[in-house]
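Take a look at the chain below.

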Amino acid sequence: MKDYVEYIMEQAQKLLAIDSPSGYTKNAAQYLCGVYQKLGYEPQITVKGGVLVKLCGTAGTGCADPSRGPILLMAHTDTLGAMVSGITPEGRLKLTPLGGLNPNNTEAENCRIITRKGKVYTGTFQLANASIHVNGDYNEKKRSYDNMEVLVDEPVKNADDVKRLGIMTGDIVCFDPRTTVTPSGYIKSRFLDDKLSTAILLGYAAYLKEEKISPERTVYEHITVFEEVGHGACASVPEKVTELLSVDMGCVGEGLSCTEHQVSICSKDSHGPYHYDVVGGLIDAADRTGVDYAVDVYPHYGSDADAALDAGIDARHGLIGPGVYASHGYERSHRDGVRNTFELLKAYLG
């Protein structure tokens with residue numbers, strides 16, 4: 001059997017190279033559609049811009065037991081980012097975040113400004129008056145959107161110079177992911193949340209197709225595009241779906257047991273507990289097949305499954321994902337965590 005982990009790692013790197021902060025995800029969605037089509041599936045772009053595809057019942061992967069309720073697997077390809085909120089008299093850009101982008105860990109990060117006319121300019125997100133040899137309050141200054149700005153890499157001296165470039169309020173600002181994979185198997189990048197798990201769902205789709213596997217029930221995948229702002233999976237849940245499984249990043253940090261080498265099974269997040277039977281079924285599948293996992297409670301977290309339930313979807317829900325350290329910062333995971341997440345999907349879905 002093909003080693004699908006390598007395929008997943010390759011797809012993750014390709015996805016990470018495509019800018020897709022919430023609200024500007026069309027290029028990533030088009031790429032995903034192309035991958036699914038190449039595998040032999042028939043993906044659809046939702047009205048909101050996500051990618052919905054039926055794995056079971058198309059491309060030669062029929063359902064072994066259609067009487068069981070369909071399951072919807074969800075990951076998201078939208079990431080953190082920012083938007084131009086104003087231009088200073090000196091020709092610097094003020095930003096407002098898209099999702100939970102924290103200015104404390106984006107200082108001195110390179111970025112791209114995408115104008116409404118399609119032009120792309122580069123810049124750097126810096127503390128205002130960023131020279132430590134000049135700014136005596138450099139160390140004490142709070143890193144906030146009020147105190148930080150983008151220096152555009154063009155010879156601009158004032159706001160009018162910037163406007164003549166075509167840059168305006170509302171333009172999207174994308175931050176460099178700085179993706180690297182180490183010889184020891186670690187993948188480091190911004191936006192592993194949730195492009196790493198999006199790649200895992202691509203790997204699962206490839207596995208079903210290439211190994212001619214028939215799942216025990218109808219399986220859909222939905223790659224959402226507004227998860228980071230809270231409403232990614234509030235719509236486009238296929239008819240008769242009885243279970244929602246978010247495949248997102250697993251939390252790694254103080255007080256939790258998961259590592260970057262494991263798959264995390266979330267029993268509760270800040271929205272409340274996940275369905276007891278779904279969590280139990282995931283644990284049983286992991287135990288039965290020797291998957292390395294941890295069960296944790298996430299103190300500050302919300303998922304696409306939560307969003308779907310908030311929207312009134314009547315379904316059981318669960319959440320898994322490879323362990324990711326430094327979430328919403330410069331994140332790190334490992335191919336072992338990828339493998340364990342992929343193997344848990346296989347074991348749980350049959």
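Predicted model: local features only at pLDDT ≥ 70, side-chain atom pairs only at ≥ 80, totals over all residues.

Start inside. In soluble globular proteins, nonpolar side chains tend to be buried together. Here the largest nonpolar core has 95 residues. Which helix gives the most to this core? Helix H4, residues 192–210, does, with 11 residues. Some members have the most contacts inside the core: Leu73, Leu95, Phe175, Tyr204, Ile320, Leu344 and Leu345.

Pick out Leu73. Setting aside neighbours within four places in sequence, Leu73 is in contact with a list of residues that includes Leu201, Tyr204, Val219, Leu245, Leu345 and Leu349. Glu221 and His222 are also among its contacts. There is a second, separate core as well, with 5 residues. Tyr24, Ile114, Ile172 and Cys174 are among them.

Now find the largest pocket. Its volume is about 420 Å³. It is lined by 19 residues, and the closest to its centre are Met249, Cys251, His300, Tyr301 and Ser327. Strand S14 (250–252) and strand S18 (316–325) each supply at least two lining residues. Sorted by class, the lining has 9 nonpolar, 6 polar and 4 charged residues.

Next, go to Asp296 in strand S17. Is Asp296 buried or exposed? Asp296 is buried, because its relative accessible area is 6% and the cut-off for buried is under 20%. Beyond residues up to four places away in sequence, Asp296 touches several others, including Cys251, Leu256, Ser257, Cys258 and Lys268. With Ser257 there is a further detail: a polar atom of the Asp296 side chain lies 3.0 Å from the backbone nitrogen of Ser257. Val252 is 44 residues from Asp296 in sequence, and their C-alpha atoms are 9.4 Å apart.

Move along to Pro299. This residue sits in the loop between strand S17 (293–297) and helix H6 (304–310). Pro299 counts as exposed because its relative accessibility is 52%, and exposed means over 50%. Ser270 is 29 residues away along the chain, yet the two C-alpha atoms are separated by 5.6 Å.

Finish with Asp161, in helix H3 (residues 159–164). Asp161 counts as buried, because its relative accessibility is 17%. Which backbone nitrogen does its side chain reach? The side chain of Asp161 reaches that of Lys157, at 2.9 Å. Leaving out neighbours within four places in sequence, Asp161 is in contact with Pro155 and Val156.

Conventions: Residues numbered from 1 in each chain as written. Heavy atoms only, no water. Helix = DSSP H or I, 4+ residues; strand = E, 2+ residues; numbered from the N terminus. Buried < 20%, exposed > 50% of the residue type's maximum accessible area, 1.4 Å probe, protein only. Polar contact = N/O pair within 3.5 Å; in protein donor to acceptor, adjacent residues only side chain to side chain. Contact = heavy atoms within 4.5 Å. 1 Å grid on protein atoms, 1.4 Å probe; cavity = no way out; pocket = protein on both sides within 12 Å on 5 of 7 lines; lining within 4 Å. Points joined across faces, edges and corners; volume = space filled by probe spheres on them. Nonpolar A, V, L, I, M, F, W, Y, C, P; charged D, E, K, R; others polar. Core = buried A, V, L, I, M, F, W, Y, C linked by side-chain atoms within 4.5 Å.
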